[in-house]
Amino acid sequence: MDGSVTITATSIIKEKLGSVRLQDVVITAVCALLVYLLGAKNQIILTPAWYHHFDAKHFENRRYPVDEERKPQPIVTDFDGDNKMEVVLISNENQLQVLLYNASQKLASKRLQQLQVKHSVVLPLEVNEYGEQEYPVAMETGYIDPYISPEHSRSQVIVVATNNWHVLCYSSTLQLLWQHQLMPLNHSRDHLQMTASALLVSAVKLHKNDQGAIFVGGAYGHKDHHARMKMLLDEQASRAMHQAGDLHTAPDDPTTHFSTFALSGSNGAIRWHHLPGDFETKRSKARVDSHHWKLNLRTHHEEHMGEVHWTKYGESFLQLLPHDWTSLGDTKFDFADLRKKELIIRIESSSALPLVDIIGESLDDYHISGVAYGGLGPHSHHEHIRKPNTLVVHNHKGVEVLDLHVGRPLTRLKVARDKSAYIDVNEDGTLERARLVATDDGCYGEVSTVHPRPLAIFSENVCSALQWWGSGSVFSRLPVAAEDEDCSVPPFFIKSIAVRKGFVNHLLGYTLPSERKGYDTLFLTSQGRLSSFAPNGDLNWQVLTPAQWVEQTTRNWRDPGSIHADVYNHVFKPSATPMSPKVYGRKSVALLLGWDTIALVDLRDGQILGEHSLPCQPIDKPVIADFTNDGQNDFIVTCSSGSITFSVSSEFPIVHTLVIGVFVVLCVLLMTWCCRVDKDNIHHEDMR
C-alpha cells in the first residue's frame, strides 16, 4: 500500500515537472536576476553608544578647549590581555583612566551608557617657576615584552608625554613604573607651544638589558604674531622650492626642530637622542663649539653626517608614504626596513622581532588581530616588520628617517605646510603630491609629480557637480561655493578599488571589480562633495554627502564676531578618514566629519552607507577601533563639548528586498498576461 502511494506521488511530481515550459524557467530566472540587481545593500546603522562629557569649567573661555587644553585622543585597545577592549583617556581633571564598555548592558532609557571606570590615577603634572602647569600632549600604549605565541598573554604599558618633556610610564593597573625629565625647559610658554609630538612603545631592545624601547619626539612652535609671519614666509619659500622640484634643501627653522629621544622601556634611561646640533657636519661644528642644545640651534640648517637625498632609497622610501600633516595629533612614529637602491634588500639576520618568524611570510595587513575573533594574539602593527633598522618620523616638516640604534638622520623629505598629501599615486617609482586649491572660480583637485621636476597629472574642478560620460566629465552650470583653505581637508588615498559610474562605463566593463595598480585620490570639499579619481586622473565617481560646512564658512565671512564664527575659527576640524568595516580587511569606507553631521561612504561606488547628526562640532580626527568586541570597527568623535562614540552594525534590508521582489514579480506577470492575451486574440482571429 505504501509503495503504491510512493509511486503515485513520484508520478505526480514527474508530471508537474514535465509540464514546466521553457518560458516559465526564463521568467523565473529574469525575476531572480532583477531582484538581485535592484536589491539594496546591507544597511549600516550608526548608534550612539556612550558620551564622555567635558566639564566646561576647566576651560579658560568656559565653552570649549583651546590648543593647550585639549587632551590626547582616546585609545581603544586590549590593554591588559583579557580579550576585552578598554578605552584609555585623560580627563579634563588630568586623570588617566582605563574605562570598560559593557556591550551587553541594556539601556533602560534614551540616555547614553556611562563607561565603567576600571582604573584611574591623577597625573603628577609639575608647575614651572612661572606658575604654568604642564599639560599632556601625547599618549600611547604598547607592548615592551616580545610576542611569543598566540597563547602567551601580554599586558601593555601607557606612556604620557607633556609639553615640558616630562615622560611618565604606567603599568596596566596604572602603577607608575618610572618618570623622566628629558631636558630642562627654562622659558615661559608665553611665546612657544608644542606643535608636534609623538610616542611609540615597542618591544625592540636597544640594549641587551633593556625591556623594550620607548621613542619620544616633539617640536615647539611660535604663538606671537611676528613668529607666525616668519612661519608664513618660510612656507612661501618652501612652496618655491616645491615648484623648483627640490624638497631636500628647503629652509629649516632651528627653533622648531623636531627632537627625538630613545628610552629604555625598563627605567626610562636615555639610549640616544637627536637634538639640534647632533650628528652635524664638521663644517658646522667648527662654527659653534658648544655642548648645550640651545646654543647649537644655529647650526642645524647644515646637513647631518651621512645624510643623503631621499631618492637614494628609491621605492624603499616611497613605501613609507602616504604623508599628510595638519595638527599635533598627525605626528607619528613607525618602524621600517629601509635599504638603499644599490644594496641587496635581503641581508643576513641581526635582530628580528619574533612575530613574523612565528606566523610566517604570508602575514599581510588584513589578518585578524585578536584571539576573541579566532585570530592572532593582540599585537602592535609595527611588530609586522621582520628586521626594522630605521625609525620613521612623520611631523610638521615632512618625513624624517633616523637610524634605529643610534638616532643618526639618514634621509628626509621636507614638505610645505599647505595641507598637501604625498604618495606614489600610480606606483611608477615617482613621488606625487595631491592638494586642494581654492580659487575665485572654484576649487580644484590637483595631483602632480614632485621629483625630478613638477609635472601635472590632472587638475579637476571638484566643487562643481560632474556628469559621467565615458572616462571624461562635463561640468554642470551649478553655482560654485567659496572654499576656505584654512578649514579644508587634505586629500587622502586608498588602494585603487573604485568602479566608475555612468552608462558608457558600464558598457565598457569599468564597473566590474578588478585588481588595479596604484591609488585612488579622494577630495572632500566644504559642500560635502566627495570626488574619487583613478591613478591616471579619470573620474571614478562623485557624491554629495551631508557632511558639509559650507554654510558655516559663508556665515563666518559675513559675521566674524558671532559665536559660530568663534567655534569655526578656533576648534572646528572637518576630516575624511578611510577605514575598514571590520577589525581586519581592506579599507573600503570613508568616515566624513562635517559641521554637525557624520557620513559613511563606500569608496568603491560612492554610495552613502549611513549618516548621523552630531551634538557638537568635531575638533579632531575620529578614533577608529572595535570597543564593542563584536569584530566590527566603531569610532569615537571628539567634539567641542565631549567625546561621543558610535557603534557600527549592519543588517540586511529584508522589507525593502521583499517589496522589490513582489513588484518585479507583478510586473513580469502583467507583461506575461498581456502577451498571452494578445496571442489568444490573434489565434481567435485566425480561427474565424
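Reader: Which residues of β15 lie on one side and which on the other, and are they buried or exposed?
Author: This is a predicted model. In a regular strand, side chains alternate between the two faces of the sheet. In β15, one side carries Thr 390, Val 392 and His 394, and these are buried.

Reader: How many residues of strand β15 are buried?
Author: Strand β15 covers residues 390-395. Buried here means under 20% relative accessible area. The strand is largely enclosed by the rest of the structure, because the buried count is 6 of the 6 residues.

Reader: Which strand pairs with β15 over 6 bridges?
Author: Two pairings involve β15. Strand β14, residues 332-336, runs antiparallel to β15 and is joined to it by 5 bridges. The pairing over 6 bridges is also antiparallel, and its partner is residues 398-403, strand β16.

Reader: What is the bridge partner of Lys 332 in β15?
Author: The β14 strand spans residues 332-336 and bridges to β15. Lys 332 has its bridge partner in β15, and that partner is His 394.

Reader: In β16, what is the bridge partner of Val 392?
Author: A hairpin through 2 residues links β15 to β16. Across the pairing, its bridge partner in β16 is Val 401.

Reader: What share of the residues score a pLDDT of at least 70?
Author: The protein chain averages a pLDDT of 78. Residues 244-251 stay under 50, with 25 contacts beyond four places in sequence. Residues 344-363 are also below 50, with 34 contacts beyond near neighbours in sequence. Where pLDDT is low, the predicted coordinates should not be read in detail. The share scoring at least 70 is 70%.

Reader: Of the contacts with a separation of 6 or more, what percentage is between residues 24 or more positions apart?
Author: The protein chain has 688 residues, and buried ones make up 50%. Its secondary structure comprises 10 helices and 34 strands. Among contacts with a separation of 6 or more, the share from residues 24 or more positions apart is 61%.

Definitions and conventions: Residues numbered from 1 in each chain as written. Predicted model: local features only at pLDDT ≥ 70, side-chain atom pairs only at ≥ 80, totals over all residues. Heavy atoms only, no water. pLDDT = per-residue confidence, 0-100. Contact = heavy atoms within 4.5 Å. Buried < 20%, exposed > 50% of the residue type's maximum accessible area, 1.4 Å probe, protein only. Helix = DSSP H or I, 4+ residues; strand = E, 2+ residues; numbered from the N terminus. Pairing = 2+ DSSP bridges.
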